[in-house]
Amino acid sequence: GRSSVVAALTDALDIGVDAGGDHPWANGTAVMGILNATPDSFHDGGEYDTVERAVARAETMVAEGADIVDVGGESTRPGADPVPVETEIDRVVPVIEAVAGLDAQVSVDTRKPPVARAALEAGADIVNDVTGLSDAAMRRTVAEYDVPAVCMHSLAAPVDPNRSYAYDDVVDDVLEALSERLLLAERAGIDRSQLVVDPGLGFGKRSGESFALLDRLDEFHALGCPVMVGHSHKSMFADVATDPDDRLAATVAATALAAERGADVVRVHDVAPNADAVRTAARTIGEE
Ligand SMILES: Nc1nc2ncc(COP(=O)(O)OP(=O)(O)O)nc2c(=O)[nH]1
């Protein structure tokens with residue numbers, strides 16, 4: 001049943017989920033295609049290391065049905081090399097300028113306020129911050145540009161995959177942490193209706209915890225925002241996949257489950273198969 005945290009949040013907030021407006025998630029589950037302009041992203045690092053290759057990839061993803069293209073210039077995987085601001089800007093801005101004209105919204109996946117600002121100036125529509133807008137300067141930037149922002153849960157400390165993080169109940173703990181982030185954002189002048197929450201699968205969560213967050217994804221609507229989930233090819237599927245190097249089928253299955261549980265955005269590498277899963281779920285539950 002609903003946890004006490006969810007009940008408390010729902011009563012306290014008592015606001016409906018504002019998934020409306022002209023946002024890509026306004027009608028059903030939106031598909032966010034991942035475009036990693038990095039040399040070292042865990043799944044597809046280095047594949048789109050020139051602007052031409054990145055733009056071609058974006059065009060393919062839009063043709064396959066991506067509602068949003070998420071452009072990232074720094075890998076978030078544990079132990080990834082940190083990227084200087086200027087380098088990250090040099091990676092993402094030319095791609096965003098070239099992709100902004102496609103028939104999809106563009107999000108910038110960055111934790112750095114100057115990169116977000118440069119990306120927004122270059123035509124990005126959405127800020128995707130894996131630190132949950134933890135930097136006050138990022139909150140000011142999102143408020144100033146008045147754009148939608150993804151507020152993802154990840155642990156403040158660098159993630160050490162060997163350390164087990166003691167959650168009492170991972171869903172309750174992540175819900176409470178995100179609720180605090182949303183209040184901080186509101187204090188910075190960001191309207192809750194421009195925020196999307198994301199439990200951050202794999203970020204400081206062990207496999208079982210990521211699956212619990214996926215199972216109870218709908219409870220995140222208690223925060224009053226659309227809900228996004230990123231699971232594509234992640235290590236949570238390592239011991240689920242027949243071939244450990246091929247996690248596509250597990251990813252697509254999880255997409256269907258997330259859509260059935262009310263996900264407003266799914267963040268994936270392979271757009272066409274996951275768009276099929278979204279439509280399959282919508283057809284099954286009668287939303288299409
Ligand atoms: N909102 C959101 N953003 C994210 N950004 C990166 C990754 C990690 O995946 P990927 O970008 O493919 O790998 P890397 O960080 O190595 O580039 N996961 C999420 C996620 O789950 N949610």
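Guide: Start with burial. This is a predicted model. In helix H3, the buried residues are Glu 88, Ile 89, Val 92, Val 93, Val 95, Ile 96 and Val 99.

Visitor: What covers the buried residues of H3?

Guide: Look for elements in contact with them. The cover includes three strands: S1 (30-36), S2 (68-72) and S3 (105-109). It also includes helices H2 (51-63) and H4 (113-121).

Visitor: How many Å should H3 span, and what is the distance between its end C-alpha atoms?

Guide: Count 1.5 Å a residue. H3 has 15 residues, 85-99, so it should span 21 Å. The C-alpha atoms at its ends are 21 Å apart, which agrees.

Visitor: Now a helix pair. At what angle do H4 and H5 pack?

Guide: Compare the directions of the two axes. H4 and H5 (residues 136-145) pack at about 20°. Their axes lie 9 Å apart. Angles under 35 degrees count as roughly parallel, so H4 is roughly parallel to H5. The crossing is right-handed.

Visitor: Which residues make the contact?

Guide: From H4 come Pro 113, Ala 116, Arg 117, Leu 120 and Glu 121. H5 brings Ala 137, Met 138, Thr 141, Glu 144 and Tyr 145. Sort them by class: six are nonpolar, one is polar and three are charged.

Visitor: And the whole protein: how many helices and strands does it have?

Guide: Nine helices and eight strands. Of its 288 residues, 53% count as buried. Then check the sequence separation of contacts. Among contacts between residues at least 6 apart in sequence, 68% join residues at least 24 apart.

How values were computed
Residues are numbered from 1 along each chain as its sequence is written. This is a predicted model: local features need pLDDT of at least 70, side-chain atom pairs count only at pLDDT 80 or more; totals for chains, interfaces and linings use all residues. Side-chain values use heavy atoms; hydrogens and water are left out. Helices (H or I, at least four residues) and strands (E, at least two) are DSSP runs, numbered from the N terminus. The expected span of a helix is 1.5 Å times one less than its number of residues. Buried means under 20% relative accessible area, exposed over 50%, partly exposed in between (1.4 Å probe, protein chains only). Contact means heavy atoms within 4.5 Å. Axes are lines fitted to C-alpha atoms, for helices over the stretch in contact, and angles run from 0 to 180 degrees between N-to-C directions. Angles under 35 degrees count as roughly parallel, over 145 as roughly antiparallel, 65 to 115 as roughly perpendicular and the rest as oblique. A crossing is left-handed if the near helix is turned anticlockwise from the far one by less than a right angle, and right-handed if clockwise. Ala, Val, Leu, Ile, Met, Phe, Trp, Tyr, Cys and Pro count as nonpolar, Asp, Glu, Lys and Arg as charged, and the others, Gly among them, as polar.
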